[in-house]
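Good morning, and thank you for coming.

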Amino acid sequence: PVDILINNHTVCILETFDPSLTSDEGSGIFLPTADVIDLHFTVNARGVAMMMTEYVKRFLARSATWGRIINTSTDAAHAHKANVSYAASKHAIESYSRSAADELGKYGITVNILAPGPIQTGYITPESEQMINEGTPLGRVGTPEEVADVFVFLASHQARWMTGQLLYVGGGWRMGQ
């Protein structure tokens, strides 16, 4: 049986509504297309909704009384330039999570959202890392272990009175934005 569901998957293709920001350099920045919008929402939002639905069905079928759902969003879910479909799909995760928190609490299930900031998983270039270091109150990028610690907390008994919450885990990166 599954007591704790962590949805931590994503797809990200850079898009912008501003044609002057498009570029073929690197991974590119493109104008939104139906296919790319659908890909973002299928993987990032629909996948979360379907996993939560299956979790709840199995949870109730076994008459469980304690459960945790933790969904991963991003600090970029709130108006992020040149990342419009990604941000919108992650914002949808936050909406699904709050609805689920409201509806599933009566079953003993808490639902929370973890929104990582800049975490060095290999994608942050040295140039970007320097900019992040200067713009983060803690003066550095985060590590996967630091995000994992918050997942562990949200899955624990200590988080039993938390539900429907969005936790930014990014060293204060988006604190003033």
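This is a predicted model: local features need pLDDT of at least 70, side-chain atom pairs count only at pLDDT 80 or more; totals for chains, interfaces and linings use all residues.

Residues are numbered from 1 along each chain as its sequence is written, and side-chain values use heavy atoms, without hydrogens and water.

Which residues have the most contacts inside the largest nonpolar core? They are Met52, Tyr55, Ile69, Leu104, Ile109 and Val111, in a core of 14 residues. A nonpolar core is a set of buried Ala, Val, Leu, Ile, Met, Phe, Trp, Tyr and Cys residues joined through side-chain atoms within 4.5 Å; buried means under 20% relative accessible area, exposed over 50%, and partly exposed in between, with a 1.4 Å probe and protein chains only. Helix H1 (34–61), helix H2 and strand S3 (109–116) each give two or more residues to this core; helices (H or I, at least four residues) and strands (E, at least two) are DSSP runs, numbered from the N terminus. H1 supplies the largest share, five residues. Apart from this core lies another, of nine residues, including Ile70 and Leu114.

Let us turn to the loop. Ser73 sits between strand S2 (67–72) and helix H2 (84–104). Is Ser73 buried or exposed? Ser73 counts as buried, because its relative accessibility is 3%. Beyond its neighbours within four places in sequence, Ser73 is in contact (heavy atoms within 4.5 Å) with residues including Glu94 and Leu114.

Finally, Ile4 belongs to strand S1 (residues 4–7). Ile4 is partly exposed, because its relative accessible area is 35%.
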